[in-house]
Amino acid sequence: QLHLVESGGGLVQPGGSLRLSCAASGVMLNSRPVGWFRQVPGKEREGLLCLSYWGSITYYTDSVEGRSTISRDNAKNTLYLNLNSLKPEDTAVYYCAARETGYSCSNSAAAYNYWGRGTQVTVSS
């Protein structure tokens, strides 16, 4: 059973940067596609970007492409999201997720079987 725990959220000023971490236990993250999503109240969970089994990155949201990266530390079994030039509209709860099977990414939350509890990111001055 894969267990995911996000950390690194908080209050950030516009224009700032943050790095979110997703620590995994139970299963190695490099054995499956993993991704980052975010959600604001009243809206569906939005896929941001994903790291496939082969290590390729897919961006699903134009609003973060060019100012975000996803990476994985296999020794720590941890997934990271770096997000720069933060804007107030980036305020959301950020989730990491992993697929049970398959090798490819998906921007559909329904395709992911394992989720962390999320970490709140608030961008405000």
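From the N terminus on, the elements of the protein follow the order β-β-β-β-β-β-β-β-β-β-β, with eleven strands and zero helices. The model is predicted, so local features need pLDDT of at least 70 and side-chain atom pairs count only at pLDDT 80 or more, whereas totals for chains, interfaces and linings use all residues. Residues are numbered from 1 along each chain as its sequence is written, and side-chain values use heavy atoms, with hydrogens and water left out.

Along the principal axes, the C-alpha atoms fill a box of roughly 40 × 25 × 25 Å. Of the 125 residues, 42% count as buried (buried means under 20% relative accessible area, exposed over 50%, and partly exposed in between, with a 1.4 Å probe and protein chains only). The protein exposes about 6300 Å², of which carbon and sulfur atoms supply 46%; accessible areas come from the Shrake-Rupley method with a 1.4 Å probe, and for residues only the protein chains shown count as cover. Among contacts (heavy atoms within 4.5 Å) with a separation of 6 or more, 58% are between residues 24 or more positions apart.

Strand 9 (92–98) is largely enclosed by the rest of the structure, because six of its seven residues are buried. Pairing of strands requires that DSSP find at least two bridges between them. Strand 9 pairs with strand 4 in the antiparallel sense over six bridges, and Gly-35 stands opposite Ala-97 of strand 9. Strand 9 also pairs in the antiparallel sense with strand 11, over three bridges; there, Tyr-94 has Thr-119 as its bridge partner in strand 11. The antiparallel pairing of strand 9 with strand 10 comprises two bridges, and Trp-115 in strand 10 is the bridge partner of Ala-97.

A nonpolar core is a set of buried Ala, Val, Leu, Ile, Met, Phe, Trp, Tyr and Cys residues joined through side-chain atoms within 4.5 Å. The largest such core has 26 residues, and those with the most contacts inside it are Leu-4, Trp-36, Leu-79 and Tyr-94. Two or more residues of this core come from each of strand 3 (18–25), strand 4 (34–39), strand 5 (46–51), strand 8, strand 9 and strand 11 (119–123). A second, separate core of six residues includes Phe-37, Cys-50, Ala-97 and Ala-111. In soluble globular proteins, nonpolar side chains tend to be buried together.

Two disulfides are present in the structure, a disulfide being a pair of cysteine sulfur atoms within 2.5 Å. One is formed by Cys-22 and Cys-96, with the sulfur atoms 2.0 Å apart. This link is right-handed, with 60° about the S-S bond. Cys-22 lies in strand 3 and Cys-96 in strand 9, so the pair ties together parts that are 74 residues apart in sequence. Cys-22 is buried, at a relative accessible area of 1%, and Cys-96 is likewise buried, at 1%.

The other disulfide joins Cys-50 to Cys-105, with an S to S distance of 2.0 Å. The torsion about its S-S bond is about -85°, so the link of Cys-50 and Cys-105 is left-handed. Cys-50 is in strand 5 and Cys-105 in the loop between strand 9 and strand 10 (114–115), so that distant parts of the chain, 55 residues apart, are linked. Both Cys-50 and Cys-105 are buried. With the bonded cysteines numbered in sequence order, the pairing is 1-3, 2-4.

Asn-74 is located in the loop between strand 7 (68–73) and strand 8 (78–83). Its relative accessibility is 39%, so Asn-74 counts as partly exposed. Leaving aside residues up to four places away in sequence, Asn-74 touches Met-28 and Asn-30. The C-alpha atoms of Asn-74 and Gly-102 are separated by 19 Å, the two residues being 28 residues apart along the chain.

How values were computed: Helices (H or I, at least four residues) and strands (E, at least two) are DSSP runs, numbered from the N terminus.
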